[in-house]
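Here is a short briefing on one protein model. Please look over the sequence and the coordinates first.

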Amino acid sequence: MTENAATSGPDDPPRLNTSVPHSARVWNYLLGGKDNFAVDREAADYAVRLMPELVLSARANRQFLGRAVRFLAGAGQIRQFLDVGTGLPTADNTHEVAQSVAPEARIVYVDNDPLVLTHARALLTSTPQGATNYIEADVRDPRAILEAAAGTLDFTRPTAVVLSGIINFVIDDAEAHAVVTQFVDAVPSGSYLLISHPTTVVNGPAVEESMRQWNESGAAPIRTRGIEEIRGFFAGLDLLDPGVVTCTAWRPDPQHPGITEVVSEFVAVGCKP
């Protein structure tokens with residue numbers, strides 16, 4: 001059955017705040033999209049001046065997500081994806097990659113930006129065999145996300161929890177671990193956790209200054225974490241090779257190498273035993 005739904009109705013009043021940058025719109029701009037505002041472009045351009053690798057990092061992380069989802073839907077045999085902090089639709093969205101491998105795959109997207117919601121309604125359309133759904137919610141409320149996602153996903157079956165570039169918005173370590181734990185606890189053995197997260201391992205001073213400026217802009221605060229801190233989110237899981245690495249080093253495709261530079265966005269994928 002094809003499902004394309006959202007938790008908010010089409011007549012809901014707009015709640016766009018265009019006075020401060022929003023990460024989904026900034027990322028859209030860095031990826032070459034047009035669904036952003038002047039404040040987002042200004043924030044992104046300033047960050048790129050501080051950290052020229054940022055455009056590469058954004059695009060390399062997107063390429064990693066495609067490789068990881070392709071692996072999960074293929075060798076991983078995953079048919080359900082919960083993509084939290086999906087951002088604005090662009091090329092090779094999670095459902096497109098997953099359903100290109102397994103047309104029956106079911107995907108639930110989660111974000112809390114009204115512009116994302118508008119585009120998700122229009123663009124995140126499923127194959128007839130599978131399903132897509134969109135939930136407007138905050139990553140800090142896993143219970144609400146899981147309850148809403150249960151209308152599309154069967155949490156007694158293996159599921160991939162995708163947290164790409166979102167846990168870095170949960171500043172407090174204890175809260176961040178609690179959020180990840182709630183998602184992992186809700187899925188059965190054979191499920192996967194995917195995380196991508198900015199670090200200071202590469203271009204540390206530039207990354208820190210860029211984040212300082214972002215946090216002073218009035219936008220949702222963000223932070224970096226180190227390799228061991230990222231690895232800590234996978235406690236109790238079987239971390240897949242090559243472990244916690246820069247996103248360009250996670251199982252690169254020799255036939256389509258894409259971006260190969262080492263960038264500050266580090267990633268990992270783990271399986272729940």
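The notes below cover nonpolar cores, salt bridges and one arginine. This is a predicted model. Its largest nonpolar core has 47 residues. The salt bridge count is nine.

**Nonpolar cores**
- Another core, of 34 residues, lies apart from the largest one; among its members are A24, V97, Y134 and V162.
- Beyond its neighbours within four places in sequence, L163 touches V84, V180, F183, L193, L194, I195 and S196.
- In soluble globular proteins, nonpolar side chains tend to be buried together.

**Salt bridges within helices**
- In helix α8 (residues 204–216), E216 and R212 sit four residues apart, about one turn. Their side chains form a salt bridge at 2.8 Å, N to O.
- E216 is exposed at 55% relative accessibility, while R212 is partly exposed at 36%.
- R231 and E228 pair at 2.2 Å, N to O. They are three residues apart in helix α9 (residues 227–232), so about one helical turn separates them.
- E228 is exposed at 56%; R231 is partly exposed at 31%.

**Other salt bridges**
- D138 bridges to R140, with the closest N and O atoms 3.1 Å apart.
- D138 is partly exposed at 26%, and R140 is partly exposed at 37%.
- A salt-bridge network links D173, R223, R225 and E229.

**R121**
- R121 belongs to helix α5 (residues 114–123).
- Its relative accessible area is 34%, so R121 counts as partly exposed.

How values were computed: Residues numbered from 1 in each chain as written. Predicted model: local features only at pLDDT ≥ 70, side-chain atom pairs only at ≥ 80, totals over all residues. Heavy atoms only, no water. Helix = DSSP H or I, 4+ residues; strand = E, 2+ residues; numbered from the N terminus. Buried < 20%, exposed > 50% of the residue type's maximum accessible area, 1.4 Å probe, protein only. Core = buried A, V, L, I, M, F, W, Y, C linked by side-chain atoms within 4.5 Å. Contact = heavy atoms within 4.5 Å. Salt bridge = Lys/Arg side-chain N within 4 Å of Asp/Glu carboxyl O.
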